[in-house]
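Good morning, and thank you for joining.

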Protein chains: 2
Amino acid sequence: MSEIKFESIGIIRTSYKTLENMPIQPMGAKGEKAIIELNSKFVDGLKDLEEFSHVTLIYHLHKVKDYKLHVIPFMDTEEHGVFATRSPRRPNAIGISTVRLIRVNDNILHIEDADVLDGTPLLDIKPFFIQFDNRENTKSGWLDRKWDDKHKTLKSDERFKTSIE
Amino acid sequence: MSEIKFESIGIIRTSYKTLENMPIQPMGAKGEKAIIELNSKFVDGLKDLEEFSHVTLIYHLHKVKDYKLHVIPFMDTEEHGVFATRSPRRPNAIGISTVRLIRVNDNILHIEDADVLDGTPLLDIKPFFIQFDNRENTKSGWLDRKWDDKHKTLKSDERFKTSIE
């Protein structure tokens with residue numbers, strides 16, 4: 001396998017200082033305010049971004065120490081292959097979250113719904129566009145079966161904490 | 001900025017051998033068959049994935065040589081900040097595409113709609129779940145204004161080729 005190097009382009013600042021009780025997906029962080037401190041050398045790359053209501057953040061899950069090929073994800077009690085889950089314990093610790101963009105002030109992006117730890121290194125910002133990014137008529141295996149309204153505000157539990165730290 | 005290292009977990013094999021006439025988004029590659037050759041040491045991580053109709057691939061845009069903070073994207077004739085576009089010439093050359101998963105045979109994933117170059121190094125596979133990934137009532141700035149039906153089958157042009165190679 002060939003090594004691929006990236007650099008953090010900024011830091012995501014959220015109110016989630018520890019892995020306990022942090023949201024599992026953006027819907028679990030709905031309305032929570034956060035900011036991105038973009039490295040100021042990239043500020044020119046933000047031109048026209050403020051016209052977008054949502055952006056997809058790609059970031060380094062920097063607290064993940066190792067990966068597991070079988071995991072018991074938060075929404076289930078049975079093991080699944082890690083690639084069939086959104087568990088952070090992946091071979092490459094890369095996370096993606098589509099968040100709400102509120103406003104941009106110079107190198108600071110004010111966002112909402114960021115389900116990430118405070119201090120998370122940011123790798124990329126992509127504008128969200130329904131025509132590119134939404135899908136319809138999908139099947140989602142065990143997630144479809146486990147989904148119900150109680151999961152709409154997802155927070156982590158002890159199991160999640162133990163499995164990362 | 002701190003350096004972050006990842007390793008390719010596999011290779012995406014598509015019919016797009018050069019950047020000319022390759023699709024810009026999965027909708028431009030609709031129905032095109034492709035495969036993922038996963039490094040066999042990760043095969044156990046695929047358990048239960050075949051029950052999903054769509055997966056989001058995260059990959060290295062390995063032909064991108066450098067980045068630009070202002071780009072003229074394929075769908076427009078005006079410059080935008082690179083973070084307000086899906087241009088590959090980003091500070092970290094990371095691409096994401098949600099593709100159709102047809103079947104899984106051991107370490108080979110048969111997929112459709114992959115808008116990536118043959119030989120692209122794969123970084124992660126995430127299961128697509130409408131409840132996590134779709135958004136409604138979004139605003140998408142210049143993309144909303146430029147969008148019309150003629151862009152539903154997006155192919156690259158000379159400008160795109162020049163801007164990457």
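Two strands are said to pair if DSSP finds at least two bridges between them. Helices (H or I, at least four residues) and strands (E, at least two) are DSSP runs, numbered from the N terminus. This is a predicted model, in which local features need pLDDT of at least 70 and side-chain atom pairs count only at pLDDT 80 or more, while totals for chains, interfaces and linings use all residues. Residues are numbered from 1 along each chain as its sequence is written, and chains are lettered from A and ligands numbered from 1 in the order in which they are written.

Let us start between the chains. Strand 1 (residues 3-7) of chain A pairs with strand 1 of chain B in the antiparallel sense, over five bridges. Within that pairing, Ile4(A) has Phe6(B) as its bridge partner.

How many residues does each chain bring to the contact? Chain B supplies 59 residues and chain A supplies 59 residues, two residues being in contact if their C-beta atoms, placed from the backbone, lie within 7 Å. On the side of chain B that touches chain A, strand 9 of chain B gives the most, with six residues. Of the interface residues of chain B, 100% are also interface residues in chain A, so the copies meet through the same surface.

Finally, the barrel. In chain B, six strands form a closed barrel in the order 2-3-8-7-4-9, with antiparallel pairing. Strand 4 (residues 54-60) of chain B pairs with strand 7 (residues 94-105) of chain B over seven antiparallel bridges, and Val55(B) stands opposite Val99(B) in strand 7 of chain B.
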